[in-house]
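Please look through the sequence and the model shown here, and then follow the paragraphs below, which turn to a pocket, to aromatic rings and to charges placed over rings.

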Amino acid sequence: MEAYYSFFNTELGILRDAHTGNLSDLTEIIENGRPFSNPEFSYQINNPRQVVAHHLAKIKSHYHLNPEWKLNFQYGFQLNNREEYDRRRGDLNARPSLDLQLFTNTIDLFLDHNLKSNWSGSFGVNVIQQANNNIPGTGVTPLIPNYDMFNAGLYAMEKYLKGPLEIEVGARYDYRTLSAARFVQGELQEADLSYQNFSAFAGGLYQLSQISHLQVIWVRHGDHRM
């Protein structure tokens with residue numbers, strides 16, 4: 001069993017003249033060859049700027065059922081907080097114009113096998129849960145809507161390898177639900193969506209010589225909104 005955690009935090013300054021209202025302003029900046037604003041040098045980061053904090057935690061484990069089969073489990077958690085500050089008047093200058101918190105949970109459970117009969121493969125399930133929240137108090141309509149997303153996927157892959165011949169097949173099915181809410185011209189709009197997708201592939205390779213081989217691949221992919 002393994003456990004892992006990391007924390008990343010950064011504050012980034014943005015070139016003020018990169019904020020242009022139209023193409024004419026952008027053309028003038030490019031022709032000028034340098035920013036029009038020329039403040040004195042300082043290590044202090046002023047608006048516009050970005051502040052990002054990212055937490056990542058992961059637990060990973062496996063269990064050998066026998067010499068040929070192994071059960072694997074992994075759980076991951078991420079929390080990303082992003083604040084973007086623009087040049088604003090008065091007290092608003094100290095408030096972020098964009099304040100997002102993104103939570104992500106992932107679970108992977110799968111079986112690996114490596115058989116003596118030249119077959120190897122993996123069967124498993126993958127689950128992702130994600131929530132995006134706009135922290136209130138920015139005074140600006142959120143750029144990205146609030147949403148809750150859930151995705152569950154089942155998959156299987158098999159490979160046969162013997163001498164110059166290699167054959168591989170696989171398939172995956174995903175089901176996703178999404179609930180979102182946003183403001184459009186001051187009115188709240190909500191939507192509940194669901195999708196399903198099935199994909200499959202099959203391929204074969206035969207090594208004719210050390211410098212040449214014959215390969216055949218078939219792929220099927222379908223996405224359907226419910």
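Ala, Val, Leu, Ile, Met, Phe, Trp, Tyr, Cys and Pro count here as nonpolar, Asp, Glu, Lys and Arg as charged, and the others, Gly among them, as polar. The model is predicted, and therefore local features need pLDDT of at least 70 and side-chain atom pairs count only at pLDDT 80 or more, whereas totals for chains, interfaces and linings use all residues. Residues are numbered from 1 along each chain as its sequence is written, and side-chain values use heavy atoms, with hydrogens and water left out.

By these classes, the lining of the second largest pocket has 11 nonpolar, 6 polar and 2 charged residues. A pocket is, on a 1 Å grid over the protein atoms alone, an open set of points where a 1.4 Å probe fits, with protein on both sides within 12 Å along at least five of seven lines, and its lining residues have an atom within 4 Å of a point. The lining amounts to 19 residues, of which N134, T141, P142, N146 and F183 lie nearest the centre of the pocket.

Because W69 lies in strand β3 (residues 69–85) and F123 in strand β5 (residues 119–134), the pair ties together parts that are 54 residues apart in sequence. W69 counts as partly exposed at 27% relative accessibility, and F123 likewise at 32%, where buried means under 20% relative accessible area, exposed over 50% and partly exposed in between (1.4 Å probe, protein chains only).

In the pair of W119 and Y160, the ring centres are 5.1 Å apart and the planes stand at 50°, so the pair is tilted. This pair links distant parts of the chain, with W119 in strand β5 and Y160 in strand β6 (residues 146–162), 41 residues apart. W119 is partly exposed at 34% relative accessibility, whereas Y160, with a relative accessible area of 18%, is buried.

Finally, the charged end of R49 sits over the ring of Y85, 4.0 Å from its centre, a placement that requires NZ of Lys or CZ of Arg within 6 Å of the ring centre and within 35 degrees of the ring normal. K58 lies over the face of Y4, at 5.9 Å from the ring centre.

Technical notes
Helices (H or I, at least four residues) and strands (E, at least two) are DSSP runs, numbered from the N terminus. Rings of Phe, Tyr and Trp (its six-membered ring) pair if their centres lie within 6.5 Å; planes under 30 degrees apart count as stacked, over 60 as edge-to-face and the rest as tilted.
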